[in-house]
Amino acid sequence: MITDIKLPGNVDGWQIAERCREHKPGLPVIYATGFSPVAPRPVPGSRVLQKPYHPDQLVEAIREVTSGRAPPSA
């Protein structure tokens, strides 16, 4: 999953990732941020990308968080 950290409303990207990981513990997570108003608390095995980032950085982050994983089944 890729989520921005600062989201509209009362939930931030940290909380979204934590909740998703409760249901799917191995879910790869990439956070994107230009500014995060709360203390960082990334889930284990995740990556944080600072905006603006180059598309190659996103591709590399995806490779890192998914390395050694089988592709999802359809």
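Student: Which strands do the buried residues of α2 pack against?
Tutor: In this predicted model, the buried residues of α2 pack against β1 (2-4), β2 (30-33) and β3 (47-50); helices (H or I, at least four residues) and strands (E, at least two) are DSSP runs, numbered from the N terminus. Buried means under 20% relative accessible area, exposed over 50%, and partly exposed in between, with a 1.4 Å probe and protein chains only.

Student: OK, and which residues of α2 are buried?
Tutor: Leu58, Ala61 and Val65 are the buried ones in α2. They cover an arc of only 60° around the axis, which puts them on the same side of α2; the arc is that of the directions from the helix axis to the C-beta atoms.

Student: What does the face turned away from the buried side carry?
Tutor: That face of α2 carries Asp56 and Arg63, which are exposed.

Student: Switching topic, what pattern does the protein follow along the sequence?
Tutor: The order is β-α-β-β-α, with two helices and three strands.

Student: And how much of the protein is buried?
Tutor: Buried residues account for 27% of the 74 residues in the protein.

Note on methods: Residues are numbered from 1 along each chain as its sequence is written. This is a predicted model: local features need pLDDT of at least 70, side-chain atom pairs count only at pLDDT 80 or more; totals for chains, interfaces and linings use all residues. Side-chain values use heavy atoms; hydrogens and water are left out. Contact means heavy atoms within 4.5 Å.
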